[in-house]
Amino acid sequence: MKRLTILFVLFLATSALGQKPDQHAVVAEFVDLLAIPNLASDAPNIARNAAAIRAMFEKRGVSTRLLTLDGAPPIVIGDVRVPGATRTIAFYAHYDGQPVDPAQWKSAPWTPVMRDAAGNEVDWRNAKSLNPEWRIYARSSGDDKTPIIGMAAALDVLRAAGHKTAVNLRFVFEGEEEAGSPHLAAYLAKYPEVLRPDAWILCDGPVHQSRRMQLVFGARGVVDLELTVYGPVKGLHDGHYGNWVPNPIVRLTHLIDSMRDESGRILIAHFYGDVQRISRAEQEAIAKMPSVETDLKREFGIAATEGEGLPLNEMLMLPALNVRGIQSGHVGAQASNTIQTEAQASLDFRLVPAETPESVKTLVEQHIETQGYTIVRTTPDAATRAAHAKLIKVVWGSGYPPARTPLDLPFSNQIASLMAAAGHDPVRVPTLGGSIPMYLFQQPANTPVLILPIANHDDNQHAANENIRLQNLWDGIDVYVALFEGLR
Ligand SMILES: [Zn+2]
């Protein structure tokens, strides 16, 4: 034990951990980057951002290049190559930002301003030291330029300490994430030698609401569909014909009932057949997550939850069927005594490994057919309607699969331990409930992909007055230093 302690102290003494960058210099460089407008559709300014980021990394001895595709913002690549290294770890962030409505902003979105915790502007350039609770306000200060300056500053810290990395680092900065990454798949296909590293760390999004850092290991997939159930070809008096002419609203709600119960359990046959069991490591991580259920119930004004009382994050490990909307007829003052001609519902499924949109489509359609329906893909004509007792139109959206990296991989443990050693023991989140196309990075070689955000949870990302709290930037730099130096 004693020996271990001595070794650890020695490690700290020789490590760049705990060494700080010149904070004024970091902020000065950062506000210059934030001053460049960065909508993915604004090609000239996107090019200026890409050039600025290249210069920022070239200055630090990183060799950079641009990946390009016609009509797409370039991807900025930076490589730190280490002689003899056998692994390349990629760090991803995006340099584009969400559209802005300047009228909603307290100051212009691309004119960075520092404010204190009370919201008063501060003259940080002439301040002796920077209060860690101050925040920089500008579009993309939180989402997602902070990791870019953070990684650059971490390289400075390493160099000042005379330290090198043991693995190759590859920086990958995308320029159209906020536009839905429409070219990401094409980029991955065109540049496999660059975009197939041994592991990915995606630096995007906010830290946990408790202000602790988090490491996210997965995201659910998604697929949506539109259902239309048909009744008579014209609206009918429900006094004359009710009980005899089929009511499409009743049929549709029965169909939905047959697919999902009130606790969220999906009743479609074999639906859980492809669902991976929750691993022990995942179970332990969920048990250790800060509990949010009581606060959320209060905030949402609900007395009970679905899922038979299981915690939120355990339910997010399962697939979900959500009814997004249902439409037919009228209610209240507009209600009429009519049997409607059709009823529509919009549904989405959240998917977990190893489900895919295709596997789910097959099971759902088998289920609908088992309920006696004939499925059509386009709006049926009167003859088709007259020929089938139960007719439904099913139209699927495209969707994409889930992704999840095991928590007990050596790489996962290594990242979590390095963060903990840097004083930022992360909340380990087995999966996001929402969907992001993490699978693009993971496939086809089942590459480990982790999400490591550094921005404050209250950074107003995607909204007006987006900001980054300085302490989050400093914490992020600490963690990048720990990873750059410690990754093996
Ligand atoms: Zn983002």
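Before you start, note that the model is predicted: local features need pLDDT of at least 70, side-chain atom pairs count only at pLDDT 80 or more, and totals for chains, interfaces and linings use all residues. Residue numbers run from 1 along each chain as its sequence is written.

Select strand E2, residues 75-80. Strands (E, at least two residues) and helices (H or I, at least four) are DSSP runs, numbered from the N terminus. Five of the six residues in E2 are buried, meaning that 20 or more other C-beta atoms, placed from the backbone, lie within 10 Å of their own; 12 or fewer makes a residue exposed, and in between it is partly exposed.

Look for Leu67 opposite Ile75. Then bring in strand E6 (168-174), antiparallel to E2 and joined to E2 by five bridges. Here Val80 faces Leu169.

Next, the backbone. Most peptide bonds are trans, and most residues other than glycine have a negative phi. Zoom to Pro353 and Ala354, where the bond is cis, with omega about 0°; Ala354 sits in the loop between strand E14 (342-351) and helix H12 (357-370). Gln443 and Pro444 are also joined by a cis bond.

Finish with His270, whose phi is near 65°. His270 lies in the loop between helices H8 (248-259) and H9 (280-288). Asn460, with phi of about 55°, is partly exposed because 16 other C-beta atoms lie within 10 Å.

Methods
Pairing = 2+ DSSP bridges.
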